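Hi,

Here is the structure we talked about, handed over for you to look at. My notes on what turned up follow below it.

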Amino acid sequence: MGRPPRRLVTREAIMRAALALVDEHGADALSVNRVAAELGVKGPSLYNHISGRDEVVDGIRELIVGEMTLDPSIMPWTAAVDGWARSYRAAFAAHPRAVPLLAARPVRSRAALHAYADAFTVLRRAGWPEDRLLPLVHAVEYFLLGSVLVLDDPPGGPLPGEDVPPGLEPMLHAPPGHRDLAFEAGLAALIRGFAAELAALRP
């Protein structure tokens, strides 16, 4: 098999090739040499543009965060959080194989840090105390990432015949779109709960 055609090597091209690699083959496939091969060059040549694999992971995060939308001008704050949550899920649903890769590395990319800053701005403006900002954002993130991780699971795999307990009809006869229904129910419950908490905090 011949080498892939050589493509223009830039930092953005490296990150996009890396994300495409992860999308197709999973997080374990990511390496500087593998990305270089996708670009039709030798691995060491990428070090003219990046410092190593960790920077590539940060670049993948930047690309995915760039697909999200958080508009701090949207009012009320619950609508802003709802819109952000939906765009967050859509972005990661387009790249579910990147989730384990990003979960294993602390947030370092500037795009992600700006997104956090925007989220904190929305919550501060709503009156949330400083010590509740990060727990609230993380709670929403954990729920969203969990919802993405199960998107590729088969809806109803085979169950063992003899040891199946009674009462499993909701699993055995799951309605169409049940994962989307679960997402809608969970997001609505989170936002309602946080809104009630904020109301209780106000004098």
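**Pocket, cavity and helix packing**

H7 gives the largest share of the lining of the largest pocket, 4 residues. Before I go on, the ground rules: this is a predicted model, so local features need pLDDT of at least 70 and side-chain atom pairs count only at pLDDT 80 or more, while totals for chains, interfaces and linings use all residues. Residues are numbered from 1 along each chain as its sequence is written, and side-chain values use heavy atoms, with hydrogens and water left out.

Element names come from DSSP runs numbered from the N terminus (helices are H or I, at least four residues; strands are E, at least two).

Back to that pocket. Its volume is about 350 Å³. The search runs on a 1 Å grid over the protein atoms alone: a pocket is an open set of points with protein on both sides within 12 Å along at least five of seven lines, a cavity is a set where a 1.4 Å probe fits but cannot get out, and lining residues have an atom within 4 Å of a point. Points are joined across faces, edges and corners, and a volume is the space filled by probe spheres set on them. There are 18 lining residues in the largest pocket, and Arg61, Tyr88, Val107, Tyr116 and Glu141 lie nearest its centre. At least two lining residues each come from H3, H4, helix H5 (99-103), H6 and H7. By class, the pocket lining has 14 nonpolar, 1 polar and 3 charged residues (nonpolar: Ala, Val, Leu, Ile, Met, Phe, Trp, Tyr, Cys and Pro; charged: Asp, Glu, Lys and Arg; polar: the others, Gly among them).

Leu70, Ala80, Val81, Trp84, Ala119, Val122, Leu123, Leu136, Val137 and Val140 line it. Helix H4 (77-93), helix H6 (110-126) and helix H7 (130-149) are the elements giving two or more residues to that lining.

Now the packing. H4 and H7 meet at about 40°, axes 9 Å apart (axes are lines fitted to C-alpha atoms, for helices over the stretch in contact, and angles run from 0 to 180 degrees between N-to-C directions). That makes H4 oblique to H7 (under 35 degrees is roughly parallel, over 145 roughly antiparallel, 65 to 115 roughly perpendicular, the rest oblique). On the H4 side, Trp84, Ala85, Tyr88, Arg89, Phe92 and Ala93 make the contact, and on the H7 side Val137, Val140, Glu141, Leu144, Leu145, Ser147 and Val148 (contact means heavy atoms within 4.5 Å). Those residues divide into 10 nonpolar, 1 polar and 2 charged.

H7 also packs on helix H9 (residues 178-201): the axes come within 10 Å and cross at roughly 170°. That makes H7 roughly antiparallel to H9. The contact includes Leu136, Val140 and Phe143 of H7 and Phe183, Leu187 and Phe194 of H9.

Elsewhere, helix H1 (residues 11-25) and helix H3 (residues 53-65) pack at about 85° with axes 9 Å apart, and are therefore roughly perpendicular. Their contact has 9 nonpolar, 1 polar and 4 charged residues.

One last thing to check in your viewer: the peptide bond from Met75 to Pro76 is cis, with omega near -5°. Pro76 sits in the loop between H3 and H4.

Cheers
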